[in-house]
Amino acid sequence: MIVHNVTKEEFFTILKEANRKLDFDEIERAFIYAKKAHEGQKRDDGTPYLDHPVGTAVTLAKMGMDTTTIVAGLLHDLAEDTTISLDTIRRDFGDDVFVLVRGATKINNPTTYNREENQIKTLQRMFLAMAKDIRSVLVKLADRMNNMETLEVKSRDKQREIAEQTLDIYAPIANRLGMGEMKGQLEDIAFRYLYPVEFDWVEKYAYRDIQRRLKVVDDLQSVVQDVLKDAKIDVVATDGRVKHKYSLYRKLLRYNKDLDQIHDLVALRVIVPDISTCYEVLGILHNNYQPLPGRIKDYISTPKPNGYQSLHTTVQVQKDEVVEFQVRTAEMHQRAEYGIAAHWHYEEKTLAHVLGKRHSVKPSKKELEWVKALSKWRNEVQDSDEYFESLKIDFFKDRIYVRSPRGDIFDLPEGSTPLDFAYRVHTEVGHKYAGAKVNGRIVKMSQELHNNDVVEILTTKNADGPNRKWMDFVKTSNARAKIRNWLRDKNPTENIEIGKQILDRRIQFLTKLKLSTFIERLTDEDLQRVLDAVEASDFDHLYEALGNGSTTIETIQEKIQRNDPLLFGRIVKLAVHEGLKKEKVHRIDNTKKIRVVVNNDPSLQSSLALCCKPTKKDAITGYLTKKKGIVVHQNDCENLDGNLDKSKFIRAVWEEQFAEQRTITIKALVQRKPGSLRDMTSEIENSGLNVSNIKAGLLNEKQGYVRVQIFVDDITQLEDLCRKIEKLDYVDEVARI
Ligand code: MN
């Protein structure tokens with residue numbers, strides 16, 4: 001927020017409005033401290049420098065951030081722009097504030113002249129800071145927000161540079177952290193400075209439409225409120241929101257600048273107390289207004305990668321007027337606006353009272369996983385261009401746009417398949433799916449679609465209709481729901497039988513026991529606990545749900561693991577025990593001198609490298625040489641670096657490790673289709689499992705088989721593989737032998 005010359009009193013009035021549950025004494029101390037430190041400093045336009053940290057702090061307060069973060073916002077520029085050091089801040093304000101200020105300071109502007117390199121450096125620093133305490137990135141974002149809001153005072157060059165960096169880094173980060181409002185604002189300001197002509201164009205071009213549609217939405221609001229009131233729906237709020245300019249501009253470019261294609265120019269938000277009411281509202285809207293086909297998006301059951309949740313639907317409200325509705329709970333709304341910052345918001349309001357302390361709620365591990373994944377990945381990808389490209393993909397592209405042969409554009413989530421597309425076009429097209437062509441070529445059902453693909457669905461009248469396997473090939477909840485409904489309408493007894501078979505296959509695969517035998521190993525109490533954990537009334541219900549596709553083995557496992565971890569542990573232990581006990585253990589050959597097994601074959605000879613002299617505590621790898629045969633090096637031996645021939649690397653393990661592994665054999669029956677045996681084999685080779693032997697052959701005209709011997713030391717590896725293989729569309733059956 002832009003502030004000018006605020007007095008302490010004015011500052012606190014704003015803070016109290018934003019968030020009443022703050023430690024105002026501590027904030028006051030920081031305010032006075034920052035004021036003194038920045039005394040006499042001016043910004044480029046001659047206004048007091050203090051306006052900037054105060055504006056930053058206010059933005060943080062409005063995001064619902066806690067006292068520590070707001071204090072850090074006030075102090076964030078001290079270490080760089082004043083005589084006060086980070087250590088002094090630590091002494092005067094404690095470790096938490098210190099970590100945040102240090103994090104925000106370190107992210108600061110890079111020093112090289114290469115734009116891409118700068119971006120990467122900044123991102124790297126950002127990831128590092130995030131891993132320590134994500135709040136430091138929120139300080140940085142609020143800092144950037146204030147810099148953008150006051151960009152006017154900078155030189156033209158500086159404006160461009162800062163705006164560019166904002167579009168490249170800060171807006172995507174805000175987006176990835178789910179902070180929709182901040183992302184939109186940052187982008188719009190950057191847009192104005194970077195592309196003034198386009199900015200004006202969008203504003204003028206869309207202005208009349210926006211005004212008209214705002215009016216429509218305004219009128220609609222009271223109508224909808226009445227309708228919902230009649231249906232006894234508790235509405236928390238409704239409001240019309242206008243699409244941000246930059247995202248509108250980008251969307252216009254995709255739709256040949258045709259405003260009629262942009263249905264969410266102005267959207268009407270309906271905020272209700274809970275999730276079931278969201279779906280109820282959706283139903284009521286569809287009863288009252290004709291929904292546009294393919295425009296219903298269920299981001300509640302399938303949230304966007306950044307956590308965004310809502311139901312979207314576009315309906316016809318008048319003859320030539322369509323309006324997008326966004327239905328969500330108050331909590332989802334908070335998260336959509338403030339993203340990860342909403343965590344601190346809730347804490348202030350609810351948990352803090354219960355727990356009696358302030359900073360107890362942190363973003364979940366899962367939400368931070370991508371940060372870790374990205375920084376780890378950075379270490380693996382040497383080529384910075386490649387890394388940056390992939391970063392861009394992860395940040396920007398969670399939707400793809402594909403076309404029908406007639407040229408209609410459909411947007412789908414990334415990773416969608418032709419089957420998703422078919423259901424998107426029409427339910428019947430989905431049900432009658434017989435195959436698909438992408439860009440003129442026949443593809444598999446599991447083929448991932450890409451931007452600009454032209455997708456043609458081949459249908460047949462006498463199709464069998466969906467089967468359970470189809471669920472594995474769809475990404476969209478829309479398609480999944482339609483398949484599920486179709487399956488559910490089938491006979492329940494049939495579904496119970498199918499569900500039983502599914503579970504039986506998996507249990508047999510893992511344990512070599514029949515489902516019924518495995519169940520006998522569990523006590524009645526355990527079985528009841530299984531039912532409780534998965535919230536099923538009896539096993540027939542569970543089988544039925546599995547059979548009709550409304551649940552999966554993975555979901556069942558997750559539920560047991562989450563709701564009854566002790567029981568889960570016991571079942572896994574039992575499965576591992578049963579599953580591996582009969583498999584053979586390798587014997588160590590004591591007569592051999594070098595105790596290394598290469599290429600999973602104890603009879604192969606090898607020698608230890610003289611350069612790095614591996615010992616038993618080192619991880620090792622073999623390399624095939626012309627003169628000395630297989631030489632075993634330490635994994636990180638310098639001599640293995642550089643441009644060695646990848647195909648000459650050979651797996652090597654110490655014999656003790658080898659002895660602990662067990663071999664299992666699995667057999668998969670596959671349909672005889674061009675390339676199916678090869679695909680299957682490569683799937684196994686790429687699974688990261690330690691394969692000792694693969695055999696493949698034909699059984700008859702229609703079927704072939706693949707037999708694989710694998711070393712396993714952990715049942716979960718096996719499970720992963722089984723899941724992957726079963727998902728291949730030409731695999732009929734997988735079993736252990
Ligand atoms: Mn600053």
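Start at the metal: in sequence, the donor residues of the manganese ion follow the spacing H-x23-H-D-x65-D. This is a predicted model, in which local features need pLDDT of at least 70, side-chain atom pairs count only at pLDDT 80 or more, and totals for chains, interfaces and linings use all residues. Residues are numbered from 1 along each chain as its sequence is written, and side-chain values use heavy atoms, with hydrogens and water left out.

**Stop 1: the manganese ion**

Select His-52, His-76, Asp-77 and Asp-143. Their atoms NE2, NE2, OD and OD are the protein donors of the manganese ion, 2.2 to 2.3 Å from it. (Donors are N, O and S atoms within 2.8 Å of the metal, or 3.2 Å for Na, K and Ca; water is not among the atoms, so sites may look incomplete.)

Helices (H or I, at least four residues) and strands (E, at least two) are DSSP runs, numbered from the N terminus.

(Buried means under 20% relative accessible area, exposed over 50%, partly exposed in between, using a 1.4 Å probe and protein chains only.)

**Stop 2: the cores**

Next, click on Phe-11, Leu-75, Leu-138 and Leu-141. Of the 104 residues in the largest nonpolar core, these touch the most other members. Helix H11 (residues 196-230) gives the most to this core, with nine residues. (A nonpolar core is a set of buried Ala, Val, Leu, Ile, Met, Phe, Trp, Tyr and Cys residues joined through side-chain atoms within 4.5 Å.) Apart from it lies another core, of 25 residues, including Ile-502 and Phe-518.

Go back to Phe-11. Which residues does Phe-11 contact, leaving aside its neighbours within four places in sequence? They are Ile-27, Phe-31, Val-54, Ala-57, Val-58 and Leu-74. (Contact means heavy atoms within 4.5 Å.)

**Stop 3: H11 and H12**

Show H11 together with helix H12 (residues 245-254). Their axes come within 10 Å and cross at roughly 85°, so H11 and H12 are roughly perpendicular to each other. (Axes are lines fitted to C-alpha atoms, for helices over the stretch in contact, and angles run from 0 to 180 degrees between N-to-C directions. Under 35 degrees counts as roughly parallel, over 145 as roughly antiparallel, 65 to 115 as roughly perpendicular and the rest as oblique.) Among the residues making the contact are Phe-199 and Trp-201 of H11 and Leu-248 and Tyr-249 of H12.

**Stop 4: H21 and H24**

Move on to helix H21 (residues 492-511) and helix H24 (residues 539-547), whose axes come within 6 Å and cross at roughly 85°. That makes H21 roughly perpendicular to H24. Pick out some of the contact residues, including Ile-496 and Ile-502 of H21 and Tyr-543 and Leu-546 of H24.

Now find Thr-493, in helix H21. Thr-493 counts as exposed, at 55% relative accessibility.

Select helix H18 (residues 418-425), where seven of the eight residues are buried; Leu-419 and Phe-421 are among them. Then zoom out: the protein chain has 29 helices and 20 strands, and 49% of its 737 residues count as buried.
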